[in-house]
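User: Hello! I am new to this structure and would like to learn how to read it. Could you take me through a few features step by step?

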Amino acid sequence: QVQLVESGGGLVQAGGSLRLSCIASGSISSINAMGWYRQAPGKQRELVATIPSGGSTNYADSVKGRFTISRDNAKNTVYLQMNSLKPEDTAVYYCNADIRQYRSYYMNYWGKGTLVTVSS
């Protein structure tokens, strides 16, 4: 059984910073792309940033220059450093990853989300 568990959300004032973490656990053979998505109240889930196992990162235009995605492959963990936060960044942030279990094939997994609230 594979699980993605996010942490690090909370309440922060505009201009502040937060660091989200997501750890993948279970019988994992390998992890391909990992990423962060968010869903604000009344809106659809949208991509925030992705990071492949190798290669360049990808960011939504709305967070470029403010957010940084990184990963620690030894710890099966992906991070999202969020700086200069704005009220419009308020959302539930979800971790996503393509994971292959032993003797299986790659499947896509989602975490349950962590709430980020940015006050003005």
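Predicted model: local features only at pLDDT ≥ 70, side-chain atom pairs only at ≥ 80, totals over all residues.

User: Which strands pair with β4?

Analyst: Strands are DSSP runs of E with at least two residues, numbered from the N terminus, and two of them pair if DSSP finds at least two bridges between them. Here β4 (residues 28-39) pairs with β9 (residues 91-101) in the antiparallel sense over 9 bridges; Gln39 stands opposite Val92 in β9. Strand β5 (residues 46-51) also runs antiparallel to β4, joined by 5 bridges, with Leu47 as the bridge partner of Tyr37. β4 and β5 form a hairpin with 6 residues between them, and Gly42 in the turn has a positive phi of about 75°.

User: What volume does the largest pocket have?

Analyst: On a 1 Å grid over the protein atoms alone, a pocket is an open set of points where a 1.4 Å probe fits, with protein on both sides within 12 Å along at least five of seven lines; lining residues have an atom within 4 Å of a point. A volume is the space filled by probe spheres set on the points. The largest pocket has about 150 Å³. It is lined by 13 residues, and Arg38, Ala40, Lys43, Glu46 and Glu88 are the closest to its centre. The lining divides into 7 charged (Asp, Glu, Lys and Arg), 2 nonpolar (Ala, Val, Leu, Ile, Met, Phe, Trp, Tyr, Cys and Pro) and 4 polar residues (the others, Gly among them).

User: Is Arg38 buried or exposed?

Analyst: Buried means under 20% relative accessible area, exposed over 50%, and partly exposed in between, with a 1.4 Å probe and protein chains only. Arg38 has 6%, so it counts as buried. Arg38 sits in β4, and its contacts (heavy atoms within 4.5 Å) beyond four places in sequence include Ser62, Val63 and Phe67.

User: Where does Asn73 lie?

Analyst: Asn73 is in the loop between β7 (67-72) and β8 (77-82). With a relative accessible area of 47%, Asn73 is partly exposed. Asn73 and Ser30 are 43 residues apart in sequence, while their C-alpha atoms are 9.2 Å apart in space.

Conventions: Residues numbered from 1 in each chain as written. Heavy atoms only, no water. Helix = DSSP H or I, 4+ residues; strand = E, 2+ residues; numbered from the N terminus.
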